[in-house]
Amino acid sequence: MPRAFLIVIDSVGIGGAPDAERFFNGTRPDTGANTLAHIADACAEGRAEQGRSGSLSLPVMDRLGLGAAIRVASGRDAPGLGADPTGLWGGATEISPGKDTPSGHWELAGVPVPWDWHYFPDTLPALPPQIVAESERLIGVAGVLGNCHASGTEIIARYGAEHMRTGQPIFYTSADSVLQIAAHEDSFGLQRLLDLCQGIAPMVHAMKVGRVIARPFVGTPETGFTRTQNRHDYAIAPPSPTLCDWVQGAGRHVYAVGKIGDVFSMHGIDEVRKGPDDVLMTHLSDLVNDAEDGSLTFANFVEFDSLYGHRRDVSGYARALEWFDTELGKLLPRLRSDDLLIVTADHGNDPTWIGTDHTRERTPVLGYGVGEKAIGNVMFADVAASIAAHLGIPAQGPGVSFL
């Protein structure tokens with residue numbers, strides 16, 4: 001019985017979104033953003049030399065059709081990505097009114113977002129008073145710190161010492177539809193932070209804010225603070241059954257690698273494997289060996305986005321892409337003859353762009369297991385329909401299979 005592996009390389013956009021002018025970083029529209037092409041430009045021009053050198057080298061994904069996908073999505077060539085495709089290749093266009101994690105993942109899983117997300121204003125304070133009051137009720141500590149738009153690393157450096165002294169949690173948001181709460185794992189307590197985020201999530205979700213994210217950290221004012229791997233996302237539930245539910249409803253097993261379980265609020269998920277991206281690659285490698293017949297493995301590699309895109313670190317993003325390409329090359333020969341593996345992304349996050357927000361872009365769709373096949377520009381929801389067709393189960397969303 002065939003298996004499917006759906007891998008989201010978080011934020012790896014390829015430009016060309018037809019509605020990019022409606023999405024902004026500050027006052028600049030996302031028109032012209034192109035995460036992969038601009039990284040390739042920077043590498044070719046010697047502007048991405050920290051920890052790596054030379055042109056962007058992604059031979060495995062390029063042989064599948066990455067360079068060709070960039071051309072069909074955005075109409076431009078990317079230096080070093082010019083191989084003749086041997087796999088399934090194309091671009092994917094999102095219709096959901098967001099450029100965020102839930103919108104992208106849900107639509108890739110067959111469910112476009114049917115509402116407009118709520119975003120907290122870039123003001124002081126940023127959050128409505130009822131959210132602060134609910135925090136006070138849940139933990140018995142008056143007030144919160146921050147209450148503003150901020151970078152996660154910057155705000156714990158700014159408020160970490162005061163947080164440890166007062167016990168007040170650090171609340172912050174961003175251009176995403178999100179509330180993030182940071183607290184010290186030892187002085188505040190990891191479980192207490194998780195309970196706070198879970199407790200406040202229903203109020204925040206009712207506002208159509210996509211996620212409440214627990215952001216634990218450790219350290220001291222003297223040595224500095226560091227975020228840990230114990231992040232947990234409390235996401236609003238998808239509005240209708242997704243690919244994960246379709247597969248599970250057909251009596252098949254669904255493996256979630258990375259933050260997939262959080263993004264789908266565990267709907268349709270049987271088993272979760274977490275960790276940093278290098279550990280996630282080990283989990284994915286194990287599942288290539290061990291995943292059940294007929295199963296879906298749904299993986300997200302987040303560090304392209306969280307460590308490099310938002311921080312506008314071109315060299316780091318290029319290093320991560322080259323690492324992933326090398327690891328993917330080790331996986332492909334081990335797949336079974338009837339397996340399907342698709343690599344795609346959920347949005348863009350061009351590290352050469354202004355600001356720190358995601359960028360509205362098309363994303364690549366690269367497939368292994370069905371031979372060479374050009375699919376052009378498809379819809380995000382077509383990914384779910386195609387995986388369902390491969391697994392031989394009914395698709396319930398608006399997508400059409402490109403297999």
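Predicted model: local features only at pLDDT ≥ 70, side-chain atom pairs only at ≥ 80, totals over all residues.
The UniProt record, an unreviewed entry, places the feature "binding site" at D10, D346 and H347. These residues span 338 residues in sequence, yet no two of their C-alpha atoms are more than 7.2 Å apart, so they gather at one spot.

D10 lies in the loop between β1 and β2 (24-25). Its relative accessibility is 0%, so D10 counts as buried, the cut-off being under 20%. Beyond its neighbours within four places in sequence, D10 is in contact with both other annotated positions, D346 and H347. Further contacts of D10 include T101, H105 and K259. N300, F301, V302, F304 and D305 are also among them, as is Y317.

D346 sits in another loop, which runs between β14 (340-344) and β15 (363-368). D346 is likewise buried, because its relative accessibility is 0%. Leaving aside neighbours within four places in sequence, its contacts include V8, D10 and S11. E94, D100, T101, G104, H105 and L108 are also in contact with D346. T363 and F380 complete the list. With H105, the side chain of D346 forms a polar contact of 3.5 Å.

Helix α10 covers residues 277-290. At 1.5 Å a residue, its 14 residues should span 20 Å. The end C-alpha atoms are 19 Å apart, which agrees with that expectation. The buried residues of α10 are D277, L280, M281, H283, L284, S285, L287 and V288. These buried residues pack against both strands and helices. The strands are β1 (4-9), β11 (254-257), β12 (271-273) and β13 (296-301). The helices are α11 (303-309) and α12 (314-331).

The structure holds 0 disulfides. C197 is in no disulfide, and the nearest cysteine sulfur, that of C148, is 16 Å away. A disulfide would need the two sulfur atoms within 2.5 Å. C197 is buried, with a relative accessible area of 0%. C43 also counts as buried, because its relative accessibility is 2%.

Technical notes: Residues numbered from 1 in each chain as written. Heavy atoms only, no water. Helix = DSSP H or I, 4+ residues; strand = E, 2+ residues; numbered from the N terminus. Expected span 1.5 Å × (residues − 1). Buried < 20%, exposed > 50% of the residue type's maximum accessible area, 1.4 Å probe, protein only. Contact = heavy atoms within 4.5 Å. UniProt positions renumbered as here; feature names shortened; annotations may be inferred. Polar contact = N/O pair within 3.5 Å; in protein donor to acceptor, adjacent residues only side chain to side chain.
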